[in-house]
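Reader: I'd like to go through the labels on this model and see what backs each one up. Can we take them one at a time?

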Amino acid sequence: MTLDFTENELRRYSRHILLAEVGAIGQAKLREARVLVVGAGGLGSPLALYLAAAGVGTLGLVDHDTLELSNLQRQVAHVTARIGRNKAESAAETLAALNPEVRVEIHARRMDAEAARELIPHYDIVCDGTDNFGTRFLLGDACHLLGKPLVSAAVLRFEGQLSVFQGHRGAPHPCHRCLHPEPPPEGLVPTCSEAGVLGAVTGVMGTLQATEVLKLILGIGETLTGRLLLWDALDARFRTVKLSRDPACALCGEAATIRDLSAHEHAPAPACVA
Amino acid sequence: MSTTAMLRIEVNGEPREVPEGASVADLLALLNLAAPKVAVERNLEIVPRSAWAATPLSEGDRLEVVHFIGGG
């Protein structure tokens, strides 16, 4: 890891470097880091913006979707003039304008089992900002099996949830299936396009997600590994609850039955990744 | 001493009584909640779904039903 910074880098990141917990070494760690953001939507927009602004060296953006007018109420990495464009490409343009020092890798494709196997090994940390349970379970399983930390946020209406899953590190760390063993049957839980979401709620949750990613890269503080953060915007109430590893878990338990991504092959195409 | 075998607990911030010996699974059945769309938090700790039936409720327990959400 090199500690050489240009004068522009020193100026751009000066408020980071001032922090004892970051400093020049932390800033160099951020520059070395490779983070994969899955979904350039409501969560992925603020997440990618803050990671790029922070100087995370390489950001991968995965999204197969095209930008629609109804996205712009919350997906702040995009602009009206880019409606109809691929969302990974559109977000990459915004990030490049914000911080040209960051390398953005555009993956304008659906996150399926093949994409998970191809892309995830090239990154240090994976962030889930997708809008369907199929992709969420694929990412959770893939990150566990490939040994990558997963920073996972979810929103609906006025609510947000966030956790960091590192079950691959062994006990006591839980995996995503310790919280929810299976995706809900189709139609039981509405999506944002069915039930709505307050745009600012995605902004808060995506920004908290970015904060957890930065903490993981820097190795500072207590991450949400083994905890679940719950936020109800209407009550203005945050709660953090303990999440333990489930010995009976099908992915990380003693008698785990999920050994590969075969259950995710030929899965029906999710309705949307937003 | 009362012999009423009821436990006073709190569910989503509201007081509630359940029969002594009731488990987390029994409470969800009482609340008519479908297992695939919730997680359950008891005294600030998530109870794994595999342990619902074997986790008895105690006097004064505070439970929250955490809805499964997946929007982005």
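Reader: How far is the backbone nitrogen of A:Val76 from a polar atom of the side chain of A:Ser45?

Author: The distance is 3.5 Å. Keep in mind that this is a predicted model, and the distance is computed from its atoms.

Reader: Why is A:Ser45 called buried?

Author: Buried means under 20% relative accessible area. A:Ser45 comes in at 1%, so the label holds. As for its place, A:Ser45 is in helix α4 of chain A, which covers residues 44-54.

Reader: What does A:Ser45 touch, apart from residues up to four places away in sequence?

Author: The list is A:Ala40, A:Gln75, A:Val76, A:Ala77 and A:His78.

Reader: On to the rings. What makes A:Phe133 and B:Phe68 an edge-to-face pair?

Author: Two values go into describing a ring pair, the distance of the centres and the angle of the planes. The whole structure has three aromatic pairs over all chains. In the pair of A:Phe133 and B:Phe68 the centres are 4.7 Å apart, and the cut-off for pairing is 6.5 Å. The planes make an angle of 65°, and over 60 degrees counts as edge-to-face.

Reader: And why do you say this pair joins two chains?

Author: Because A:Phe133 sits in helix α7 (residues 133-146) of chain A, while B:Phe68 belongs to the segment after β5 (62-67) of chain B. Both A:Phe133 and B:Phe68 are buried. Ring pairs also bring in A:Phe137, giving a cluster of A:Phe133, A:Phe137 and B:Phe68.

Reader: How do you know that A:Arg34 lies over the face of A:Tyr123?

Author: A:Arg34 is 4.9 Å from the ring centre of A:Tyr123, and the distance limit is 6 Å. There's an angle condition too, within 35 degrees of the ring normal; A:Arg34 is listed as lying over the face of A:Tyr123.

Reader: What makes A:Arg239 and B:Glu41 a salt bridge?

Author: Their closest N and O atoms are 2.4 Å apart, against a limit of 4 Å. Between chain B and chain A the count is three salt bridges. β3 (38-42), β4 (45-47) and β5 of chain B each supply at least two residues of the side that touches chain A. For polar contacts across this interface, the tally is 12 residue pairs, with both residues at pLDDT 80 or more.

Reader: How much area do chain B and chain A bury between them?

Author: About 2,200 Å², with 62% of it on carbon and sulfur atoms. On the chain B side, B:Phe68, B:Ile69 and B:Gly72 lose the most area to chain A, together 33% of what that side buries. By residues, the contact takes 20 from chain B and 40 from chain A.

Reader: Last one: why does A:Leu261 count as buried?

Author: Its relative accessibility is 6%, and the cut-off is under 20%. A:Leu261 is in the segment after β8 (237-242) of chain A. Leaving out neighbours within four places in sequence, its contacts include A:Ala113, A:Arg117, A:Leu138 and A:Leu145.

Reader: And how many of the secondary structure elements of chain B are helices, and how many are strands?

Author: One helix and five strands, in the order β-β-α-β-β-β along the sequence. Of the 72 residues in chain B, 40% are buried.

Notes. Residues are numbered from 1 along each chain as its sequence is written. Chains are lettered from A and ligands numbered from 1 in the order in which they are written. This is a predicted model: local features need pLDDT of at least 70, side-chain atom pairs count only at pLDDT 80 or more; totals for chains, interfaces and linings use all residues. Side-chain values use heavy atoms; hydrogens and water are left out. Helices (H or I, at least four residues) and strands (E, at least two) are DSSP runs, numbered from the N terminus. Buried means under 20% relative accessible area, exposed over 50%, partly exposed in between (1.4 Å probe, protein chains only). A polar contact is a pair of N or O atoms within 3.5 Å; within protein, one must be able to donate a hydrogen and the other to accept it, and residues adjacent in sequence count only if both atoms are side-chain atoms. Contact means heavy atoms within 4.5 Å. Rings of Phe, Tyr and Trp (its six-membered ring) pair if their centres lie within 6.5 Å; planes under 30 degrees apart count as stacked, over 60 as edge-to-face and the rest as tilted. Buried area is the accessible area (1.4 Å probe) that two parts lose on being put together, summed over both. A salt bridge is a side-chain nitrogen of Lys or Arg within 4 Å of a carboxyl oxygen of Asp or Glu.
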